[in-house]
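Work through the exercises below with the sequence and the 3D view side by side. Try each task before you read its solution.

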Amino acid sequence: MTRPLRLVAVSGGLQRPSRSAALAKHLLELIADELPCEQHLVELGQLAPRLAGAVWRANLPDTVERELAAVEQADVLVVATPVFRGAYTGLFKHFFDFIDQDALTDKPVLLAATGGSERHALVIDHQLRPLFSFFQARTLPLGVYATDADFADYRLQNKAVIERARLAVQRALPLVELARHARPALAAEVPAA
């Protein structure tokens, strides 16, 4: 029997409730509707007091270390961040600065962002894709961008964005399945020490 997919989402939202966290949860649920998975949401706003002053990973408290390990051990990653001044949040980048450089290699990553207007929609392709390309992750074909107006009570309400999210997940599923089956094969090839 195949183990459930380890599905981890990272929300760069700094507040609670957060539209970025709401979008991440929506994407987690869509994937969970299609595949058996264990879901985990990392909310960076909640980690900020323990993360913001750290310079080295060895200085991080256990609560942050556990979240970093969850991201590194995920089979599939969903990332969602609000857009600040044309890019992801500084805290979002700071968190990923602690991720092991090789931990995300070939990992499917679904990119998402939220912002005040449509003008920031290109953040997915101009900021998030290059960041995860550095990690050699497999950024999934479609990203999902939502504006403040697309939410009501921190739930997606815009039918076009809901459809885009559904389509992004549907197009991602073959790559997720491929990664899911490739991981055990890769682990079998690694010689025992």
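The model is predicted, so local features need pLDDT of at least 70, side-chain atom pairs count only at pLDDT 80 or more, and totals for chains, interfaces and linings use all residues. Residues are numbered from 1 along each chain as its sequence is written, and side-chain values use heavy atoms, with hydrogens and water left out.

**Exercise 1. The fold in outline**

Task: Find how many helices and strands the chain has, and in what order they run.

Solution. 
- Step 1: Helices (H or I, at least four residues) and strands (E, at least two) are DSSP runs, numbered from the N terminus.
- Step 2: Count them. The chain has six helices and eight strands.
- Step 3: Read the order. From the N terminus on, the elements run β-α-β-α-α-β-α-β-α-β-β-β-β-α.

**Exercise 2. Size, surface and charge**

Task: Compare the radius of gyration of the chain with that of a compact globule.

Solution. 
- Step 1: Take the rule. The radius is taken over C-alpha atoms, and the globule rule is 2.2 Å times the number of residues to the power 0.38.
- Step 2: Apply it. For 193 residues the rule gives a value near 16 Å; the chain has 16 Å, which agrees.
- Step 3: Along its principal axes the C-alpha trace extends about 55 × 40 × 25 Å.
- Step 4: Check burial. Buried means under 20% relative accessible area, exposed over 50%, and partly exposed in between (1.4 Å probe, protein chains only). Of the 193 residues, 49% are buried.
- Step 5: Look at contacts, meaning heavy atoms within 4.5 Å. Among contacts between residues at least 6 apart in sequence, 77% join residues at least 24 apart.
- Step 6: Count charges. Lys and Arg count as positive and Asp and Glu as negative; His and the chain ends are not counted. A charge is placed at NZ of Lys, CZ of Arg, CG of Asp or CD of Glu. There are 21 positive and 22 negative side chains, and the centres of the two sets lie 3 Å apart.

**Exercise 3. Backbone exceptions**

Task: Find where the chain has a cis peptide bond, and which aspartates have a positive phi.

Solution. 
- Step 1: Know the background. Most residues other than glycine have a negative phi, and most peptide bonds are trans.
- Step 2: Find the cis bond. It runs from Arg16 to Pro17, with omega near 0 degrees. Pro17 sits in the loop between E1 and H1 (19-34).
- Step 3: Take Asp106. Its phi is about 65 degrees. Asp106 lies in the loop between H4 and E4, and is partly exposed at 35%.
- Step 4: Take Asp153. Its phi is near 50 degrees. Asp153 is in the loop between E7 (151-152) and E8 (155-156), and is exposed at 75%.

**Exercise 4. Tyr154 and its partners**

Task: Find which residues Tyr154 touches, not counting residues up to four places away in sequence.

Solution. 
- Step 1: List the partners. Tyr154 touches Pro17, Ser18, Arg19 and Ala22.
- Step 2: Tyr154 and Pro17 are 137 residues apart along the chain, and their C-alpha atoms are separated by 7.2 Å.

**Exercise 5. Lys107 and Ala21**

Task: Is Lys107 buried or exposed? Which residues does Ala21 contact, leaving aside its neighbours within four places in sequence?

Solution. 
- Step 1: Lys107 lies in the loop between H4 and E4 (108-115). At 1% relative accessibility, Lys107 is buried.
- Step 2: Ala21 is in H1, buried at 3%.
- Step 3: Ala21 contacts Ser11, Leu41 and Glu43.
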